[in-house]
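Visitor: I would like to learn how to read a protein model feature by feature. Could you take me through this one?

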Amino acid sequence: MKNKILNIAAAIALSLVSATSAQADDKTADGNSIRNVVLVHGAFADGSGWRGVYNDLTARGYNVTIVQNPLTSLADDVAATKRALDRQDGPTVLVGHSWGGTVITEAGTDPKVAALVYVAALAPDAGETTGQLYEGYTTPPEFVLDIHTDGYAFVEPEKFKQGFANDVSDADAAFMRDSQVPINLEAFETKLQNAAWRTKPSWAVYGTEDKAFDPEMLAAMAERINAKVTKVSASHSIFMTQPKVVADTIDQAAKAVSQ
């Protein structure tokens, strides 16, 4: 009889533990239901620069997809991003670095996109070209382009570290310099059809030591799109050099729109 009572008590205790565990799992799921993130790189780089952010987010349980932009036109880059969005199984945080900000601004009207995160990124309006964003601002002298006769541009090799990656090691900056993906500059003269930030909540994170954009331009873009802003001491390559800060911002966006 005593053993039977002990067995019943043990079974009840096990049931309570299981119920508590299930409730905790449900609470976690409800507290942060958005688990999908799509990362869009900018000009002169490729998706591999997101590796640190990818590692951080996947460790937190996010499903992360990295777009490889061809950088041949705005339409081509938007199409690449939409292909990535089509693969998502639910609400998604769409993230863009630099030129990638223009891409997510156009592509972000996709119904799967719940929030936008601009990482040292451009944010044009509908009917506006990316090039128009530069009007009235002075690009830092460290950032110099090498424009080829076919209209594609690289960052000038001798200026690459100073202008694009001044907080990256010499060895890593040299690799980035020599593995650049050029962009067709005609993309900067293409008018956007959509401005997703007008209807989707936005976050912005950028570095105070960015030498690719005028710092006043970065601040003005973030203010115009009503973004929740995070600033940190970093170069234009903040997407590589400050992965935790960037991942934290993405996580904040996901949690905010999941509530």
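This is a predicted model: local features need pLDDT of at least 70, side-chain atom pairs count only at pLDDT 80 or more; totals for chains, interfaces and linings use all residues.

Visitor: Which residue forms a salt bridge with D248?

Guide: Side chains of opposite charge can pair when their charged atoms come close. A salt bridge here is a side-chain nitrogen of Lys or Arg within 4 Å of a carboxyl oxygen of Asp or Glu. The partner of D248 is R60, with 2.5 Å between the closest N and O atoms. The two sit in distant parts of the chain, 188 residues apart: D248 belongs to helix α9 (residues 243-258), while R60 is in the loop between α2 (51-59) and β2 (63-67). With a relative accessible area of 30%, R60 is partly exposed. As for the names, helices (H or I, at least four residues) and strands (E, at least two) are DSSP runs numbered from the N terminus.

Visitor: How many salt bridges does the structure hold?

Guide: The structure holds nine. Another one joins the side chains of E128 and R224, at 2.9 Å from N to O. E128 lies in the loop between β4 and β5 (145-147) and R224 in helix α7 (residues 215-224), so this pair ties together parts that are 96 residues apart in sequence. E128, at 15% relative accessibility, counts as buried.

Visitor: Now the strands. In which sense do β3 and β4 run?

Guide: Strands of a sheet pair through backbone hydrogen bonds, either parallel or antiparallel. Two strands count as paired if DSSP finds at least two bridges between them. Strand β3 (residues 92-97) and β4 run parallel and are joined by six bridges, with T92 opposite V113 in β4. The chain gets from β3 to β4 through helix α4 (residues 99-107), and this β-α-β crossover is right-handed. Right-handed means that, with the strands pointing away from the viewer, the path from the first strand over the helix to the second runs clockwise. β4 also pairs with strand β8 (residues 202-207) in the parallel sense, over four bridges, and there Y118 stands opposite A204.

Visitor: And where can I find antiparallel pairing?

Guide: Look at the open sheet of three strands with the order β5-β6-β7. Its edge strands are β5 and β7 (183-184), each pairing on one side only. Two bridges join strand β6 (residues 152-155) to β7, and A153 stands opposite I183.

Visitor: Why is β4 described as largely enclosed?

Guide: Seven of the seven residues of strand β4 (residues 113-119) are buried, so the strand is largely enclosed by the rest of the structure. Elements covering the buried residues of α4 include β1 (36-40), α3 (74-86), β3, β4 and β7.

Visitor: Last one: which members of the largest nonpolar core touch the most other members?

Guide: A nonpolar core is a set of buried Ala, Val, Leu, Ile, Met, Phe, Trp, Tyr and Cys residues joined through side-chain atoms within 4.5 Å. Of the 76 residues in the largest one, V37, V93, V95, W99, Y118, V119 and I250 touch the most other members. β4 supplies the largest share of this core, seven residues. For Y118, contacts (heavy atoms within 4.5 Å) beyond its neighbours within four places in sequence include G96, I104, W197 and I225.

Methods. Residues are numbered from 1 along each chain as its sequence is written. Side-chain values use heavy atoms; hydrogens and water are left out. Buried means under 20% relative accessible area, exposed over 50%, partly exposed in between (1.4 Å probe, protein chains only).
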